[in-house]
Amino acid sequence: MNASEQQAYVRPSKDSRYNSDEKIPATVQNMSSKASARGSDGISSFVRNSSKYAFAFVATLSFLTRYWKIWDPAQVVFDEVHFGKFASYYLRRQYYFDVHPPLAKMLIALGGWLVGYDGHFLFEKIGMEYVSNGVPYIMLRGWVAIFGFALPPLVYMIMAESGYSVLASVLAALLVTFDNALVTQGRLILLDNIMIFFMLAAVYAYIRFFKLRYKAFSASWWTWLLATGAMLGCVVSCKLVGLFTISLIGGAVLYDLWRIIDIRRGTTMTEFASHFIARAFGLIAVPLTLYLTFFYIHFAILTKTGPGDGYHTAQFQMQLKDNHMTKNSFDVRYGDQISFRHRDTGVYLESSSERYPLRYEDQRISSQGQQVTGAKKLTDNGFWMIKPIHDIPEFETFLSRRLAGEDIPEDELNEWNVYDADLVQLEHVVTGTNLRTHDVASPMTPTNMEFTTALLNDTKAYDDSLWQVLIDGAKGNSTQLKTSSSFVRLVSNKHGVAAWTHKKKLPEWGHENQEINGNKKPDEKSNLWTVTQIRGHKATAEEQEKIKKKIVPMGFLSKYVELQGLMIKHNNALTTVHPFQSTPITWPLMTRGISFWTNNTERKQIYLLGNPIGYWMSDMAMAMYVAVLVVIELCRRRNEDIVDPLVKRHLLRSGLFIAFAWLAHYFPFFLMGRSLFLHHYLPASIFAYMMLAVLYQVIFVQEYPRYVVRRWNGRARALVPSVAAVATLGAIVALQFVTFVHFSPLVYGTT
């Protein structure tokens, strides 16, 4: 202050107070405000709180990109066909089957339930209108978009908690914010962003847990350990590829335990055992319990019969309310006229008086026998009378009494029940001929045997007409053949082939029915048939009540094991060629995407495409990271340090963890034989973006203690390390943003 200012400024006594009318000198006011703004340590309030501002900035941009025009298009898009439909089944409580675990689909259904949706719409095909069908699709998409919106903030939190600067954390988060593929997935009724949310939450929780390693067994240590386990349970309960995240965290935990057991750390074996047991409980028992719990809820909700029944065993199906097996499961007896329906393709075994042509299209000669084919609809041609293989007078008497409508006691009826492994003949009711297979190539599958029929008095064909009834899952020869609830194989006693069919249709001479032939691999599940009905038999109320009483209850674990086996089997069987499938080697290069939705009239399209510039930059970052590690190791061999020890330590710990995270979520796809698509790379792509931020930090931020933040919402000491750092950050984000905007019409379906 100058002299005049000093005279004007009078220090008040202890008891005095400034009156509201007193004028405080301007110089004093300026000094006070500057001190307040900069704090006692000389750091401005903006810098100190820059991490919070950056987080809010990222969250705002993430919200805008995910929710922008979320109402458009007002039509079913891509796999909303499946996952919207599954949500509807939950709300209807109808059983369905899918290769993925249930959590993400139950969460989608929860969103529908919260807004009063009753599941009346079944999302049957892409392009169906939502508004005219009364579907609250904006709320459903908005609900799922919450998980997509949370991804960039989570990435920011992971980077900040890992000890990166505000600028590096913002860079990683903005790369994810402006990734076209993640935004496209994050604003539709799909599963991937839900799974990725739990994946990132698991990584974040584990980092928080690891940072508390010097406060082992404290309340916060246990909290983050259990939180990690819970998130791992959730990620694998969305999709089985969540196992990749479990392998990542599992590897990190094994490394941590390897460090703890080192005697140089002074750890006793008792202490190590405590660490091991705690981690086993938190990271194995907790995820497994949650995984089983979600399946328990899945079964508890889906109690009614639905489209997924047919994948399961008869016992499983009979647990469901209103299942046809619980209403139509009757004992099959000799003399019954029954129909057979193929389990996989749904066609009925039928015959007619028409013959196979003399020559097939490939000029092979046929037997010109009576055609046996698979028909979509059941007619009189689809009934077969099941008979003993020998003429038995008692049977003829029994059959005559039944045909006459005589009321036969149940004990006497049970004497003629058909059991597992019985040898029988099947007489075609309309033509009066016996089902037969013989050593003649079938019309469309030359390696398999032709199915035809033979006259009842054809003694030469007698052995060809003997069939063994093998009931799937039978427990000894005491298992009875029943309608609806028994899955059977019809195996030729002489040739050992099983009745089989496939979806390829016969030519015009076969009325485009399916071919029936003899499969030389009788044990295959594709050989299973169901006896759908007994001709002329109508169930009484008393019979249906008896059926319900005979249903053997199926426990949760039995249901779980059966469903888990089917999920793995059918997931591995997804090998059908798809026009938009791709190979893992092409994903980081961003050479092709997936068409989600097309409106040719208005020339609009939604096309899943990653941000090409972002993908290529992150590819280079991953390669550079490997190169940096190689250079550091070579220099170490020559006893030269080219990197600050703190930077090197961070690069080898946090950087290596991110690199392994990318590898764990990418490399396993090279080992899979199923059809693969670009969206399988999305989890790995996030870690590739993080690696770009890691390299940015290594290059531009040398003074770690000055620039890094210890917590995502913690205080920063400094913000801008150099002009070059700011310029580079701006250039990278600008490239990502401009590319995102350029391809945004394919994200939002706009022109």
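In strand 6, which residue is the bridge partner of H428? Please set the answer in the context of strand 5 and the strands it pairs with.

Modeller: The bridge partner of H428 in strand 6 is T433. This is a predicted model, with a mean pLDDT of 90 for the protein and 93% of its residues at 70 or more. Confidence is lowest in helix 1 (residues 3-8), with a mean of 38, and highest in helix 12 (residues 219-238), at 98. Over residues 1-37 the pLDDT is below 50, and this stretch has 14 contacts in the model beyond near neighbours in sequence.

Strand 5 is joined to strand 6 (residues 433-441) by 2 bridges, and the two run antiparallel. They form a hairpin with 4 residues between them. In that turn, G432 has a positive phi of about 65°.

H428 also takes part in another pairing: W384 stands opposite H428. The strands concerned are strand 4 (residues 384-387) and strand 5, which run antiparallel and are joined by 4 bridges. Strand 5 pairs with strand 8 (residues 467-471) as well, again antiparallel, through 3 bridges. There, L423 has Q468 as its bridge partner. As for side chains, in a regular strand they alternate between the two faces of the sheet.

Definitions and conventions: Residues are numbered from 1 along each chain as its sequence is written. This is a predicted model: local features need pLDDT of at least 70, side-chain atom pairs count only at pLDDT 80 or more; totals for chains, interfaces and linings use all residues. Side-chain values use heavy atoms; hydrogens and water are left out. pLDDT is the predictor's confidence in each residue, from 0 to 100. Contact means heavy atoms within 4.5 Å. Two strands pair if DSSP finds at least two bridges between them.
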